[in-house]
Amino acid sequence: MYISKSKSKNKTIYYLLKSFQNPDTKKVSTRIVERIGTDVEIKKKIGNQNIDQWLKDYAKKRQKKKNR
């Protein structure tokens, strides 16, 4: 899993993505697992923390939760 950001003129939206390989075609594809939120929404959640570091930690936490 990894984080992707989509920038527009007014905001940045963060997504949690997962890559997988199609067993039939052997092509690699990406699936959106979760829309984490915009930069403003995330700032409200985390306060003064660094957004990039928080996103990395969040992705690791979700990966560990998935592997249980």
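Reader: In what sense do β1 and β2 pair, and over how many bridges?

Author: In this predicted model, local features need pLDDT of at least 70 and side-chain atom pairs count only at pLDDT 80 or more, while totals for chains, interfaces and linings use all residues. Residues are numbered from 1 along each chain as its sequence is written, and side-chain values use heavy atoms, with hydrogens and water left out. Strands are DSSP runs of E with at least two residues, helices are runs of H or I with at least four, and both are numbered from the N terminus; two strands pair if DSSP finds at least two bridges between them. For β1 and β2 the pairing is antiparallel, and the number of bridges is six.

Reader: Which residue in β2 is the bridge partner of Ser4?

Author: Strands of a sheet pair through backbone hydrogen bonds, either parallel or antiparallel. Here β1 and β2 pair in the antiparallel sense, and the bridge partner that Ser4 has in β2 is Tyr15.

Reader: Which are the edge strands of the sheet?

Author: The sheet is open and consists of three strands in the order β1-β2-β3, with antiparallel pairing. An edge strand here pairs on one side only, and the strands that do so are β1 (2-7) and β3.

Reader: Is Leu17 buried or exposed?

Author: Leu17 lies in strand β2, and its contacts (heavy atoms within 4.5 Å) include Met1, Tyr2, Ile32 and Val33, not counting residues up to four places away in sequence. Buried means under 20% relative accessible area, exposed over 50% and partly exposed in between, with a 1.4 Å probe and protein chains only. Because its relative accessibility is 10%, Leu17 counts as buried.

Reader: And is Thr12, by the same rule, buried or exposed?

Author: Thr12 lies in strand β2, which covers residues 12-21. Not counting residues up to four places away in sequence, Thr12 touches Lys5, Ser6, Lys7, Gly37, Thr38 and Asp39. Since its relative accessibility is 11%, Thr12 counts as buried.

Reader: How is α1 oriented relative to α2?

Author: Two packed helices are described by the angle between their axes and the distance between the axes. Axes are lines fitted to C-alpha atoms, for helices over the stretch in contact, and angles run from 0 to 180 degrees between N-to-C directions. The axes of α1 (residues 39-46) and α2 come within 11 Å and cross at roughly 80 degrees. Angles under 35 degrees count as roughly parallel, over 145 as roughly antiparallel, 65 to 115 as roughly perpendicular and the rest as oblique, so α1 is to α2 roughly perpendicular.

Reader: Which residues in α2 do Asp39, Ile42, Lys43 and Ile46 in α1 meet?

Author: Both helices take part in this contact, and on the α1 side the residues are Asp39, Ile42, Lys43 and Ile46. In α2 they meet Ile51, Trp54 and Leu55.

Reader: With which residue does Arg62 form a salt bridge?

Author: A salt bridge is a side-chain nitrogen of Lys or Arg within 4 Å of a carboxyl oxygen of Asp or Glu, and by this rule the count comes to two. In the pair with Arg62, the closest N and O atoms are 2.2 Å apart, and the partner is Glu34.
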